[in-house]
Amino acid sequence: MAQGTETPAGPPDSTSAGATGSAAYLRRRTLRRGSAGWLLLTGLGVAYVVSGDFSGWNIGLSKGGFGGLAVAMVLMGVMYACLVFALAELSAILPTAGGGYGFARRALGTWGGFLTGTAILIEYILAPAAISLFIGDYVESLGLFGLTSGWPVYLACFAIFIGIHLWGVGEALRFSLVVTAIAVAALLIFAVGAFTEFDAGRLNDIPADPSAFGSNSWLPYGLLGIWAAFPFGMWFFLGVEGVPLAAEEAKDPVRSMPKALAISLAVLVFLALITFVSATGAQGANAIKEAGNPLVVALQGDGEPTALSRFVNYAGLAGLVASFFSLIFAGSRQLFALSRAGYLPRFLSLTNRRKSPYLGLLIPGVIGFTLAAWSGNGGRMLNVAVFGATISYALMALSHIVLRRREPDLPRPYRTPGGARTSGAAFVLACSALVATFLVDRDAAFIALGVYAVALAYFAFYSRHRLVAAAPEEEFAALAAAEAELKRG
């Protein structure tokens, strides 16, 4: 018997689970449609990422110096731009909550769909756990309510923000938009203040390592430092690819999804440039390369806090909350889609009367809180999340290439500029970033591989025989198979 609340009437496979995929089954697994227009979707795309502007990226200076991180940021920006253009086309073709899983399911089959969906889940479950630790550090450093960073703060984060998501998607995205707007405004104010202290000579003040091949003042750790800085160049953009996960809850997703993806990426590129250059030039690359709060250090150095540095410190907390909140949303929707289609236990996709996947929110929340309270290592968890992200990027880019070549006549309301060449560039850069994660944190990479192995064993021996044919992503793939069969006949 398949897990969940329904029992298949026939053989439990993806082609004959008609009873399981009945209207009653799907009725208990529906999201609130039409809740998000392009503005809320754009805010969601920026919210996924904005915390990365406040901290984390600066560690790349200790791997590649200013020049190495600058090149890494540009290359990773190109990767995300190419990927976003490809996802805009794919999300217009298949506007469902499955996002990357749905795209890969059509292009690469059930194994490709599961591999992609699992990688996305690793990213969106681990990242909130890590960010809850950073929120705890900010709460303690700011002296808020006399609290210290510990499990009560982490629990409050998950309880409060999951509660808002359970209230409804429209309310959740409006809350996210407000907090994100505060964080973005703070970054702009920070940049104005930091540029008043800007000195170009401070950009390359990290001493060069003479033993590193190709090292100089701009590349103190040599050419290999560029590659090692890839994962940190990603932090300026990591998460924006999650916008298509809101497709089933969007207004006119065929039009609003490409628009939201393009605008959110443009905003993120602008914020990345001004934050990176102004913060590094204000106090120097060497001063901020390992700081937990690099923007605050950029403003005050070793001196006393200023009014502006205190404001940025509080705003950094807002940025962390925005990303934490939106990543919970993304993880719940990916889990919802995989569960609805039978790849994961089906009960996880049940929705409440406000059309929120309550178990898809609560169970990842419990896992995230447990990891945060038990591990306490936010950096390690983020590195695991980055590893999962790079796998999903490669597979989503590959899905675009395959669909362009296999199904050139598929209706495409939006077409990626450059076609398969664009997604091909994203694929190559994603694979390079995946290998670079081993240069940064080999243990994190192997932890992610271990999680992957367990998930794949579950799929291989159990869930792949119990897929739900009526799930939107599965129907889309079945239609493609039927059309191919007709052409062969």
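Reply: Terms first: on a 1 Å grid over the protein atoms alone, a cavity is a set of points where a 1.4 Å probe fits but cannot get out, and a pocket is an open set with protein on both sides within 12 Å along at least five of seven lines; lining residues have an atom within 4 Å of a point. Grid points are joined across faces, edges and corners, and a volume is the space filled by probe spheres set on the points. This is a predicted model: local features need pLDDT of at least 70, side-chain atom pairs count only at pLDDT 80 or more, and totals for chains, interfaces and linings use all residues. Residues are numbered from 1 along each chain as its sequence is written, and side-chain values use heavy atoms, with hydrogens and water left out.

Me: What is the volume of the second largest cavity?
Reply: About 100 Å³. It has 14 lining residues, and the closest to its centre are Tyr 124, Pro 128, Ile 328, Pro 364 and Gly 365.

Me: Which element gives the largest share of that lining?
Reply: H14, with five residues. H5, H6, H13 and helix H14 (358–375) each supply at least two. Helices (H or I, at least four residues) and strands (E, at least two) are DSSP runs, numbered from the N terminus.

Me: How many charged residues line the second largest cavity?
Reply: None; the lining has nine nonpolar and five polar residues. Here Ala, Val, Leu, Ile, Met, Phe, Trp, Tyr, Cys and Pro count as nonpolar, Asp, Glu, Lys and Arg as charged, and the others, Gly among them, as polar.

Me: And how many cavities of 30 Å³ or more?
Reply: Five. The largest cavity holds about 210 Å³. Of its 17 lining residues, Ser 51, Gly 52, Ile 131, Leu 238 and Leu 382 are the closest to its centre. H5 gives the most to this lining, five residues. By class, the lining of the largest cavity has 12 nonpolar, four polar and one charged.

Me: What about the largest pocket, how many residues line it?
Reply: The lining has 24 residues, with Ile 122, Ile 125, Leu 126, Ile 367 and Val 451 closest to the centre. The largest pocket has a volume of about 640 Å³. Its lining splits into 21 nonpolar, two polar and one charged.

Me: Switching topic. How many aromatic pairs?
Reply: There are 24 in the whole structure. Rings of Phe, Tyr and Trp (its six-membered ring) pair if their centres lie within 6.5 Å; planes under 30 degrees apart count as stacked, over 60 as edge-to-face and the rest as tilted.

Me: Why is the pair of Phe 161 and Phe 324 edge-to-face?
Reply: The ring centres are 5.8 Å apart and the planes are at 65 degrees, so the pair is edge-to-face. Phe 161 lies in helix H6 (residues 151–167) and Phe 324 in helix H13 (residues 307–340), so the pair ties together parts that are 163 residues apart in sequence.

Me: Is Phe 161 buried or exposed?
Reply: Phe 161 is buried, and so is Phe 324. Buried means under 20% relative accessible area, exposed over 50%, partly exposed in between (1.4 Å probe, protein chains only). Of the 489 residues of the protein, 60% count as buried.

Me: Last one: how many helices and strands?
Reply: The protein has 18 helices and zero strands.
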